[in-house]
Amino acid sequence: RWRKENWEVIFRKIKSSQAANSGWQAIGKGLRVDSPDTLRLNQALPPMDTDPAACFKNVKRLVVKVGTAVVTRHDGRLAVGRLGALCEQLKELNSQGYEVVLVTSGAVGLGRQRLRYRKLVNSSLADLQNPQVELDGKACAAVGQNSLMALYDTLFSQLDVTSSQHLVTDSDFRNDSFREQLSETVKSLLALKVIPVFNENDAVSTRRTPYEDSSGIFWDNDSLAGLLAMEVKADLLVLLSDVEGLYSGPPSDPNSKLIHTYIKEKHQAEITFGDKSRLGRGGMTAKVDAAVCAASSGIPVVITSGYATDNIIKLLQGKPVGTLFHKDAHLWTSVNEVDAREMAVAARECSRRLQAKSSEDRRKLLLDVADALEANESLIMAENEADVAAAKADGYEKALISRLALKPGKASLCLAKSIRVLADMEEPISRIAKRTELADGLILEKTSCPLGVLLIVFESRPDALVQIASLAIRTGNGLLLKGGKEARRSNAILHKIITSAIPDSVGDKLIGLVASREDIPDLLKLDDVIDLVIPRGSNSLVSQIKNSTKIPVLGHADGVCHVYIDKSANPDMAKKIVRDAKIDYPAACNSMETLLLHQDLSNNDLLKELLAELRREGVTLYGGPRASSLLNLPRAQSLHREYSSLACTVEFVDDVGAAIDHIHQHGRHVNSHTDCIVTEDHEVAEMFLHRVDSAAVFHNASTRFCDGARFGLGAEVGVSTSRVHARGPVGVEGLLTTRWILRGSGQVVDGDKGVTFSHKDLPLQTQI
């Protein structure tokens with residue numbers, strides 16, 4: 001292992017060692033506002049959420065190091081399957097234009113295995129009865145290097161890839177001429193799409209370190225990989241290990257957690273290293289040393305598992321695998337940031353203090369939040385405009401940008417107003433729903449109480465943070481929020497303003513803002529602390545979270561809202577409802593996505609007027625199987641599509657029964673959101689209202705009414721497309737559960753002989 005001073009010598013010698021990695025340049029581009037208030041706030045803002053896709057999208061040249069524990073099996077034999085999978089990954093990268101340098105370990109282990117076998121074959125019975133002498137490591141290295149490279153050559157040849165062999169020692173890197181020639185050779189090979197394979201030449205190595213085994217051979221290909229990455233100016237260094245990455249303690253310890261992003265200032269003193277590699281020299285300690293040094297020179301490094309068959313490819317696709325080392329990591333995550341469990345536990349403790357407050361105290365807290373939002377509207381808009389500008393620069397879809405943008409005046413006129421409405425609603429906590437006399441002097445009360453701690457994962461809309469936070473305060477719940485990275489600055493300022501209004505007697509950790517998506521897997525494991533997860537977003541997001549946690553999940557997935565125009569519909573009413581359902585706010589989840597028409601309207605003036613009105617408003621029309629033919633419309637790719645923009649699907653159906661069947665089939669049953677019928681036929685309307693199995697079903701009213709504020713709920717966490725425990729717009733009641741309170745005077749059961757049950761309903765009383 002290189003000592004620190006040796007690394008520093010090499011750093012001074014290597015020219016231009018700062019490797020280009022423009023993918024991370026997204027960090028810090030979130031347009032700061034120059035007002036003094038905003039600049040002061042920036043110091044308190046949480047770090048920018050890292051985006052692995054941005055980190056690795058511009059990688060061209062990478063060095064991959066595979067450790068002995070990956071190359072060999074537990075019995076010391078070669079892990080041919082893993083090596084084959086590695087070579088296939090490198091072949092795929094090679095064919096995609098990546099320049100790959102491979103650093104491999106395993107020569108000593110392979111040589112030792114072969115020499116032991118040869119020694120056994122040539123031994124007499126007397127030889128076998130004598131104590132076995134440890135094989136010379138240099139001899140093992142010499143034999144193993146030949147065998148290892150022969151295997152790589154065979155595997156790569158089968159994949160139509162050319163490889164080259166390079167054996168080096170530590171003293172080589174102290175020679176300027178050698179390093180210059182090495183760089184030129186590697187550059188030439190990479191230009192020819194050859195994969196250079198490096199290994200430290202342990203057969204002739206003279207370097208010794210504290211990490212020595214009985215053979216006296218020093219072996220640290222991790223430091224070699226780091227040096228090569230700097231020398232050839234690599235864009236990325238990948239260190240493959242037998243574990244998923246760097247853990248806070250030994251991976252075998254159930255309390256150890258995978259560290260997704262290594263921050264030297266935070267983790268250096270916290271990590272407890274286990275044993276070194278079972279076969280190699282350095283183990284995880286050597287990998288971390290090499291990763292820290294290479295990262296400090298400007299080369300991103302990832303330690304990940306070499307047991308997986310596609311981790312390198314996943315990494316370059318931007319998927320979070322392993323542990324990332326980067327020179328700017330301290331800018332992304334706060335050094336003092338608490339871990340997931342601490343955050344959840346703190347939210348629970350604060351929620352209990354909030355519940356102990358009087359109803360008037362909780363009401364005043366909400367009013368203070370509303371006042372704070374109004375007082376800081378200019379600051380909110382400045383941060384939101386920065387998010388919108390960054391989203392446009394990054395090429396986000398118009399629908400997402402529309403959801404991201406806050407309209408001028410929305411903080412004061414809409415968000416603060418909805419909070420005040422919520423504050424003036426009836427006290428929801430400890431509300432008595434039922435009182436029963438079980439027996440003489442034994443009174444049972446069914447009361448409402450908070451769920452506990454909520455984890456809300458939402459996308460794009462910063463105004464959702466305000467609604468969710470105010471509902472959590474009103475219901476006495478602790479709250480953890482993870483918004484989309486595109487709304488980072490908006491969410492941060494809103495969170496800062498809201499929590500600043502929470503008194504110290506409750507604690508501002510009542511509402512936690514999760515800074516990085518890397519924390520979500522850890523949070524989803526906390527079924528003993530977090531009581532409900534509410535994901536707001538796509539079906540894939542909801543499904544992913546459901547499959548990753550034991551915590552109950554209340555799904556707020558995408559919704560395909562239908563408007564069915566019956567043959568008896570009032571034409572003017574139909575045009576007004578269709579226009580509003582599509583045009584009022586196309587990005588909303590309650591916007592019309594499919595327009596269903598009774599077949600008798602196919603040659604009707606109403607149809608022509610409806611389509612003309614939508615086209616005038618800029619709506620792009622797609623047709624289902626029947627409508628595309630009859631109306632000469634482009635064919636819709638799917639009848640279950642949420643456009644979230646100025647577009648919709650048009651289709652004809654035979655009658656109301658066919659419309660209901662269409663909704664059930666293409667609304668995907670459990671995920672049906674809001675559906676509407678426009679008709680003057682009362683019998684048809686009642687059939688639609690009672691048979692359509694959606695969260696909300698309307699007659700002669702726009703789907704845009706499906707909203708917590710418009711329903712009089714004050715605010716909403718979202719519109720639930722689940723069935724348990726809440727459905728439709730989820731307001732205060734959806735965030736409460738039941739507590740049973742029994743008041744007695746010494747009664748006992750005694751085999752049900754101790755009391756005479758009366759089970760008499762009693763009048764309700766106002767809670768204290």
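User: Where does aspartate 750 lie in this predicted model?

Analyst: The place of aspartate 750 is the loop between strand S23 (736–743) and strand S24 (757–762).

User: What makes the phi of aspartate 750 worth a remark?

Analyst: Most residues other than glycine have a negative phi. Aspartate 750 is a residue other than glycine, and yet its phi is positive, near 50°. Asparagine 632 is also not a glycine and has a positive phi, of about 55°; this asparagine lies in the loop between helix H26 (625–630) and strand S18 (647–653).

User: Why is asparagine 632 called exposed?

Analyst: The word exposed is kept for a relative accessible area over 50%, and asparagine 632 has 69%, so the residue counts as exposed.

User: Why is proline 428 called buried, and where does it lie?

Analyst: Buried means under 20% relative accessible area; proline 428 has 1% relative accessibility, and therefore counts as buried. Its position is in the loop between helix H19 (410–423) and strand S9 (432–439).

User: Which residues are in contact with proline 428, leaving aside its neighbours within four places in sequence?

Analyst: With those neighbours left aside, proline 428 is in contact with Ser448, Arg474, Val732 and Leu736.

User: How do you know that the span of helix H15 is close to what is expected?

Analyst: Helix H15 (residues 340–356) has 17 residues, for which 24 Å is expected at 1.5 Å a residue, and it reaches 25 Å from its first C-alpha to its last, which is close to that value.

User: Which residues of H15 are buried, and what do the buried residues pack against?

Analyst: The buried residues of H15 include Ala340, Met343, Ala344, Ala347, Cys350, Ser351 and Leu354. Among the elements that the buried residues of H15 pack against are helix H16 (359–375), strand S11 (453–457) and helix H20 (462–475).

How values were computed:
Residues numbered from 1 in each chain as written. Predicted model: local features only at pLDDT ≥ 70, side-chain atom pairs only at ≥ 80, totals over all residues. Heavy atoms only, no water. Helix = DSSP H or I, 4+ residues; strand = E, 2+ residues; numbered from the N terminus. Expected span 1.5 Å × (residues − 1). Buried < 20%, exposed > 50% of the residue type's maximum accessible area, 1.4 Å probe, protein only. Contact = heavy atoms within 4.5 Å.
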